[in-house]
Protein chains: 2
Amino acid sequence: MKPYQEMTKEELLEEKKQLDAEYRRYQMRGLQLDMSRGKPSAEQLDLSMEIMDVLHSGVDLACEDGTDCRNYGVLDGIHEAKVLIGDMIECHPDNIIIYGNSSLNIMYDTISRSMTHGVMGSTPWCKLDQVKFLCPVPGYDRHFTITEHFGIEMINVPMLETGPDMDMVEKLVAEDEAVKGIWCVPKYSNPQGITYSDETVRRFARLKPAARDFRIYWDNAYGVHHLYDIDQDNLVEIFAECKRAGNPDMVYKFCSTSKISFPGSGLAAIATSANNLEDIKKQLFVQTIGYDKVNQLRHVRFFKDIHGITEHMRKHADILRPKFEMILDLFDRELADRGVGSWYRPKGGYFICYEAMDNCAKEIVSKAKKAGVVMTPAGATFPYGKDPKDSVIRIAPTYPSLEDLEVATRIFVVCVKLVSIEKFLNN
Amino acid sequence: MKPYQEMTKEELLEEKKQLDAEYRRYQMRGLQLDMSRGKPSAEQLDLSMEIMDVLHSGVDLACEDGTDCRNYGVLDGIHEAKVLIGDMIECHPDNIIIYGNSSLNIMYDTISRSMTHGVMGSTPWCKLDQVKFLCPVPGYDRHFTITEHFGIEMINVPMLETGPDMDMVEKLVAEDEAVKGIWCVPKYSNPQGITYSDETVRRFARLKPAARDFRIYWDNAYGVHHLYDIDQDNLVEIFAECKRAGNPDMVYKFCSTSKISFPGSGLAAIATSANNLEDIKKQLFVQTIGYDKVNQLRHVRFFKDIHGITEHMRKHADILRPKFEMILDLFDRELADRGVGSWYRPKGGYFICYEAMDNCAKEIVSKAKKAGVVMTPAGATFPYGKDPKDSVIRIAPTYPSLEDLEVATRIFVVCVKLVSIEKFLNN
């Protein structure tokens, strides 16, 4: 197939005619499809149904150390849950606090605490004239919503194939004391599916921030969310790397089982240094008596150990792989030669990211909507919802059935082509 | 029995001699008893074990409206949980947000949000020179810990038999714009077991605060925690009362099922006006995708309706009543005529409060400890841990067995008598 750029006006018009007809045919079907939601499908949730059976009235609800999980107590999580989550994120159980059901909530609370009480004795951020966060883009909209909510200025940092542009990160962090953090989804990133390279992680660990309360907000949301059994990305464990580099307090690692067991009914955790943990626990003690230990126990009894999680994630992969491969194969066949956009081929995570030609994303999303396909709003993956090039579109393949997803992807491809051709025709 | 005040020095010394001997005998037993913890006993927790059976892999985990409780979504709680909690706290389901497992956490988050974002558009409290809270005393230490954590100045307001001293509350609230809230445990109060009178609630609803972001923090922790089936305290429902008085936005009601099902694994909720809810949800949307809906469903399926909760609380009462009555009867027999302190006779809740002679509480608690009985630290029921008269001692009868509790109470009575006699001898 010829790239559109090399086509004559007549060829483009002929192609457009055919695509218009195809688009109309889809519109006539009155479809209602959704590729916007980064949530597991019912089929995936069914994989975890037996977690509902491991605890019942005939079972002892006590921890290995005898703690009655039904009663008050244990601020930072039961030990066996720390071991399980620790193995999952490659951290020692002593460096972990198990929270409630949402890692987003932990991140929010972490920023909120820094606003009102600072970080390990630093000036509370609400007393400062300016607080800034670095935001690798495209990124996770919910991160940006938190920082925007607290009036924190967000600075875009481009994502490269190896992770965030580290030249820029190193410079901004070293020069500006107002820069207090950076949002990272280091593995199978949302939305591009990029895993930070070894060098990127090592450079992160060796940052020389001007602000002593600068922290890396390491949201390892997709740490075990591989699509393949052998062909997996590997991420250097950052906390150990920070310790080696003499920066043990510089990172907060966040994770959850939301996309492992049940979203909303899973476990969320933070892993960080002893100094940070002490700082956090001082505040956490004021905030709560403790989180849901019965649900912690439920997860431990269901998964048993990290091997149980690995086996479980294989089943998720079996459901997700065909969905990702269908989209990527269709893109390869239909779009690769056209010169109208690019994408990565993620080996895990929850998203595929289509980077269209400049000034096309909004129009593609809008066109798809008119044919019954809901996409994540263009711009959503950028701070303040503003994609400066209007080119990034996030695709969430997990929730729809493979059949629906294929129709939705075909419609999306037609929309990409049509909007791109119109650009060429108008230039 | 003669009041100690009317005894001669010789009589006091003779009494002291006998008490000293009794105290020694207890000490020799090397006991380890605990009357400090306001938590349910294992026997009480056993009452809820069947809540672990209502959901299992063979059961549909969908709400009445079809929502899959296993997946993301529903920020403010599933409808049927709002109905259940609404009936429990006499509020319309539309006025309720179901949170996670801890009402303390909701209260913390409420204050934290007010610090960083104000209340319905008011100046964020962290930008103000001074923020003050009224604290009816004695009260719940965890409330005071939250306000202290945020640097909020706490002003003691004496508790009367009818609730907080409303003359003082009305005056302080009306005169000082820095007064932004008051902590209330309006029913079977912690620690005295007082229920606010109808007049007190009506005066609360008719407060004329100088600060438009003043709110009543109404922690109805013991709303259904009666000891008796007929002989119950009645609390006027404050939200309806506030609406009648033209102050619909003035109250936040907090509650949880922590002492109904399992502490740490229950449901917590806030009830308040539509305006307040809108303000809260704007922030809550940033903080989380949603709370544990599976656990919400579990509670609904277990209790079914408010009648289910009432029946369940009867079983709790059957376990708690003998404990409360044993202590109160022993106090009546051993202490009532001595003129060395006073207490209320709560009809519900989790505590009994012994108000000793001035400057005696610390010494009594310390003496009890040396005989193997742990009490809540003297002062804990006051802001900053400072009981100005050093007279209040909180007694938590729920956790120990009746047998242990009786021994502990007898030791406590001996300690009260000994410390009081020493006071009389030294004056």
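The entries below go from the whole chain to single residues.

**Entry 1. What I am looking at**

I am working with a predicted model. I keep that in mind for every value below.

**Entry 2. Chain A as a whole**

I looked up the secondary structure first, and chain A has 13 helices and 13 strands. I then checked the radius of gyration of chain A, which is 23 Å, while the globule rule gives 22 Å for 427 residues. The two values are close, so chain A is as compact as a globular protein of that length. I also noted the box that the C-alpha atoms of chain A fill, roughly 75 × 55 × 35 Å along the principal axes.

How much of chain A is buried? I found that buried residues make up 63% of its 427 residues. For contacts in chain A with a separation of 6 or more, I read that 76% join residues 24 or more positions apart.

**Entry 3. The two chains together**

B:Asn105 is found in helix α4 of chain B. Leaving out residues up to four places away in sequence, B:Asn105 touches A:Gln287, A:Thr288 and A:Tyr291. Is B:Asn105 buried or exposed? Its relative accessible area is 13%, and buried means under 20%, so I wrote down B:Asn105 as buried.

**Entry 4. A helix inside chain A**

I went to α3(A) next and asked how many of its 11 residues are buried. Eight are, so α3(A) is largely enclosed by the rest of the structure. The buried residues are A:Glu80, A:Ala81, A:Lys82, A:Leu84, A:Ile85, A:Gly86, A:Met88 and A:Ile89. I noticed that A:Glu80 and A:Lys82 are on this list, and that both Glu and Lys count as charged.

**Entry 5. A pair of helices, in both chains**

Two packed helices are described by the angle between their axes and the distance between the axes. I looked up both for helix α6 (residues 166–175) and helix α7 (residues 198–205) of chain A: the angle is about 5 degrees and the axes are 11 Å apart. Angles under 35 degrees count as roughly parallel, and α6(A) and α7(A) are therefore roughly parallel to each other. On the α6(A) side the contact is made by A:Met166, A:Asp167, A:Val169 and A:Glu170, and on the α7(A) side by A:Thr200, A:Arg203 and A:Phe204. I sorted these by class and got three nonpolar, one polar and three charged residues.

B:Met166, B:Asp167, B:Val169 and B:Glu170 of α6(B) meet B:Thr200, B:Arg203 and B:Phe204 of α7(B). By class I again have three nonpolar, one polar and three charged residues.

**Entry 6. Backbone details in loops**

I looked for cis peptide bonds. One runs from B:Val137 to B:Pro138, with omega near -5 degrees. B:Pro138 sits in the loop between β3 (132–137) and α5 (141–149) of chain B. Another runs from B:Asn190 to B:Pro191, with omega near 5 degrees. B:Pro191 is in the loop between β6 (179–184) and α7 (198–205) of chain B.

I also looked for positive phi in residues other than glycine. A:Val74 has a phi of about 70 degrees and is found in the loop between α2 (42–46) and α3 (79–89) of chain A. At 30% relative accessibility, A:Val74 counts as partly exposed. B:Met120 has a phi near 45 degrees and lies in the loop between α4 (103–117) and β3 of chain B. At 29% relative accessibility, B:Met120 also counts as partly exposed.

Note on methods: Residues are numbered from 1 along each chain as its sequence is written. Chains are lettered from A and ligands numbered from 1 in the order in which they are written. This is a predicted model: local features need pLDDT of at least 70, side-chain atom pairs count only at pLDDT 80 or more; totals for chains, interfaces and linings use all residues. Side-chain values use heavy atoms; hydrogens and water are left out. Axes are lines fitted to C-alpha atoms, for helices over the stretch in contact, and angles run from 0 to 180 degrees between N-to-C directions. Helices (H or I, at least four residues) and strands (E, at least two) are DSSP runs, numbered from the N terminus. Angles under 35 degrees count as roughly parallel, over 145 as roughly antiparallel, 65 to 115 as roughly perpendicular and the rest as oblique. Contact means heavy atoms within 4.5 Å. The radius of gyration is taken over C-alpha atoms; the globule rule is 2.2 Å times the number of residues to the power 0.38. Buried means under 20% relative accessible area, exposed over 50%, partly exposed in between (1.4 Å probe, protein chains only).
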